[in-house]
Amino acid sequence: MISGIILCAHLQLCNLAKELLPGQSQIQFRTVMPQNTDPHEFDPGPQFIKEMVSAPIFLAMPDNYFPWIQSIIKMRKQSQKTFSPQISNKFLATYKTNNKEALAHFWLYPHIHCEVKKQMANFLNVNSPNCASRNELEQQLLRLKKYYF
């Protein structure tokens with residue numbers, strides 16, 4: 001059973017963990033970034049680096065999109081739990097874009113969101129969630145394309 005503080009590199013990771021761990025009052029979810037900070041402009045200083053390196057449980061963004069995350073992960077002890085989702089090329093190919101930074105917003109892309117959610121469920125040792133069917137995901141993708149592409 002997980003208890004204590006879960007430190008998240010991004011608010012969306014905390015939201016996903018809360019969804020997978022409903023009613024877990026013994027867990028305190030915290031994000032690294034101060035309130036009202038634009039994550040696109042966030043550059044972690046020494047205080048935040050120390051916090052990320054020392055947290056017992058750290059939920060990181062995909063390291064291939066945030067180069068500084070890789071350094072944090074390398075500094076952490078093996079005894080500390082670190083989640084860093086890996087987005088497969090199969091899912092990246094679903095979204096025809098050369099803008100990998102856009103794909104770091106995994107919560108906007110149904111296939112990638114589902115993959116990250118399943119990886120996090122495995123990491124947190126909880127039941128793997130049921131994701132929408134392929135047809136439902138395709139419908140969500142069409143709605144997203146209408147607004148974002």
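Predicted model: local features only at pLDDT ≥ 70, side-chain atom pairs only at ≥ 80, totals over all residues.

Reply: Residues are numbered from 1 along each chain as its sequence is written, and side-chain values use heavy atoms, with hydrogens and water left out.

Me: Why does glutamate 51 count as buried?

Reply: Buried means under 20% relative accessible area, exposed over 50%, and partly exposed in between (1.4 Å probe, protein chains only). Glutamate 51 has 18% relative accessibility, so it counts as buried.

Me: Where is glutamate 51 placed, and what is it in contact with, leaving aside its neighbours within four places in sequence?

Reply: Glutamate 51 sits in helix 2. Helices (H or I, at least four residues) and strands (E, at least two) are DSSP runs, numbered from the N terminus. Contact means heavy atoms within 4.5 Å. With neighbours within four places in sequence left aside, glutamate 51 is in contact with Leu7 and Arg30.

Me: Which residues of helix 2 are buried, and what do they pack against?

Reply: They are Phe48, Glu51, Met52 and Val53. These buried residues pack against strand 1, strand 2, strand 3 and helix 3.

Me: What makes a set of residues a nonpolar core?

Reply: The members are buried Ala, Val, Leu, Ile, Met, Phe, Trp, Tyr and Cys residues, joined through side-chain atoms within 4.5 Å. The largest nonpolar core here has 37 residues, and Ile6, Leu13, Phe58, Leu59, Met120 and Leu124 touch the most other members. Its largest share, six residues, comes from helix 6.

Me: How do you know that the length of helix 6 agrees with what it should span?

Reply: The expected span is 1.5 Å times one less than the number of residues. For the 15 residues of helix 6 that gives 21 Å, and the end C-alpha atoms are 21 Å apart, so the two agree.

Me: What makes helix 6 mostly covered?

Reply: Eleven of its 15 residues are buried. Among them are Pro110, Ile112, Met120 and Leu124.

Me: What follows helix 6?

Reply: Asparagine 125 comes next, with a positive phi near 60°.

Me: How many nonpolar, polar and charged residues are in the lining of the second largest pocket?

Reply: Ala, Val, Leu, Ile, Met, Phe, Trp, Tyr, Cys and Pro count as nonpolar, Asp, Glu, Lys and Arg as charged, and the others, Gly among them, as polar. By these classes, the lining has five nonpolar, six polar and no charged residues.
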